[in-house]
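Open the model in your viewer and keep the selection panel at hand. The stops below follow one another by residue number to select.

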Amino acid sequence: MLKRWAGMLGLFALFSVLVLGAKSYLFPNEIAAQQDYGSAKRSIVATSPSNNGGINSGVVSGETFAYFKDTYTVLQDATNLQFILTNYYGDKIGKNSLTLKIGFQIIGSATFYPVHFQGSRQVVVDPGADVLTDPIGVYVKAGDKIVVQTRVEVPPGGEWPVGNQALEYVAGSASGSLDYTSRTFPPGSAAIAGYSPVGVLGTVSKDSWLPTVGIYGSSTFAGTNDNWRGLGAAALEGKLPYFKVAKGGEILQHITFPRLSLLKYADAVLLYVTSNDLNSGHSFETIKSNLMQLFNQMHVQGIKIYVCLPMPRTTSSNSWVDLNGQTLNAVYGPGGNWEKVVEWLSSAPSPVSGVFDTLSPVEYRLPDGQRTGKWKPLLTKDGSHLKGPLAYDTVSSAIYTDVIKALGNTGSIPFIPITVSGTDAPMPASDYDSFDRANATTLGDGWLEMENGFEQFPVFGIESNKAYNSKYQGMAIRRIADGNNFHLTANIEFRSNYQSGLAWNVISRSDFFMLRGDKGGGGGVKLFAINSGGYVTVTSANVPIVAGVPVKVEVIKYDGVITVKFDDVALLSYTLTAAESSKFNTVNSAGIFVNDGASSASRWLDYKAGKAVE
């Protein structure tokens, strides 16, 4: 009897091995990112920052097939590359089947690598499906660029999924008998919204493995006003591998099958949601219920969930240059559904792993900390989205990638707030010492990063110019070391009518360079060249200064030329002589500051100092 049971168990074990082996052989594409291969792991290893996956459908007019080219950045050393290909757009399955063929090239190499699908060079992807290519044993290093060229074909009258980004393409009728999955695209190829893989999966060392993040959400994550990169990609770029399937106009009910099936390739998810639900009039209770359903659906897959707080939504009569011109959307005011959502999300409701405070960098707060639901000036150009790449980059610092990377292994971190250094209240004229109390941190290449003591925005190199002359009040953006090229930017709101007559001077000498606003003078901008005898005026330009209206001031030194801009308009430029350039390249500090004696009441809205890379 025992022998009979032993025999049956042996047969069962053999059958199990055969079945599992057959499954692995017959269905090699069923591989998840979290799989562990002893000392190696699977992960997303390369992404295209602009790639949103399929969010719409389209076709090249009059064509049934075309070739598209996309470039992916490798984030970790890897091999056994596989490309994730989908046939859906947004929350809709594809309209028809796709016949796909793919090849790639590593920039710097002349080799094109053919990609296969269970041994075949082509695969038919049914509507709503996603597939993986066969692994290809090519080794890539972090920092490599992969050019992926995809041939997509549809039946007559059919369409293929497209993303937001424009991709170089070759129309089928223009390709002749040439296969552009294995050869360079023609020079000057046109670009349109096209089809490309969602991401690249690979095998990485367990010691260097990084968790993959799925980016889901609405237009702020899709990349409106940011060349279709978006806030999530801005935060994760170069730090963590990710795939992005965010979509403009997204509401919670739309984040569903088939895009959620991509979570099998993820270890964590980063969400920016609820903005469109609120704007559509959905109640707090409905939004909360839909969020919990989404959270639970992700949680049962073992996914760590990180959520960003929704930003304000206002209209403006003056392009959001100040607060008074803004009108609140009814549900976004204090006590409305928006504030209820913000407060509830800030409590990190289970099963959420962490909440990032992407709101504080952009929302104006009263001196007592009370919410206004209004944007800080100059951070939005439409009342719903960040103004552009610089704003996206700055606010992305509120998304702490180290927290995501830890995947909860450091303990519970329910809410990650921005460090609040004060409020946006106008500074008393006598309080200019506040600038000197900032805590400076030295960054790479000698740049300083400091917080100025009364704004919540991250800033660079802020201090009072009274360090140079005690009777002056104001603030300088300073740079120390590495004087070759720099780009200084300040957005300044003049709070006093006394300042409306400021004269702006660009001054340079052997140990200091600055753009200075002085009370008095001719009301123009003057550029002074360096010489051993002092300052020489070489050119000037009139600059209207209006009290209460923010102005963007830039000073750029690049390739021996100094350029001064006000509100993106170049007022003047000056090419340094060889002797002046030699002195300039040893300059150890640079700055912009306001100087109007005892009546300083300016408000510096944001600041940036960096190397000029034009």
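Buried here means under 20% relative accessible area, exposed over 50%, and partly exposed in between (1.4 Å probe, protein chains only). This is a predicted model, in which local features need pLDDT of at least 70, side-chain atom pairs count only at pLDDT 80 or more, and totals for chains, interfaces and linings use all residues. Residues are numbered from 1 along each chain as its sequence is written, and side-chain values use heavy atoms, with hydrogens and water left out.

Select arginine 229 and aspartate 226. Their side chains form a salt bridge, 2.9 Å from N to O; the term requires a side-chain nitrogen of Lys or Arg within 4 Å of a carboxyl oxygen of Asp or Glu. Arginine 229 counts as buried because its relative accessibility is 13%, and aspartate 226 is buried at 3%. The structure holds 14 salt bridges.

Next, select arginine 259 and glutamate 250, whose side chains meet in a salt bridge at 2.8 Å, N to O. Arginine 259 is buried at 2% relative accessibility, and glutamate 250 is buried at 4%.

Move to glutamate 363 and arginine 371. This salt bridge spans 2.7 Å, N to O. Glutamate 363 is buried at 0% relative accessibility, and arginine 371 is buried with a relative accessible area of 12%. Through shared partners, salt bridges join Glu339, Glu343, Glu363, Arg365 and Arg371 into one network.

Finally, select threonine 358. At 0% relative accessibility, threonine 358 is buried. Leaving out residues up to four places away in sequence, threonine 358 touches (heavy atoms within 4.5 Å) residues including Leu231, Tyr272, Leu309 and Ile399.
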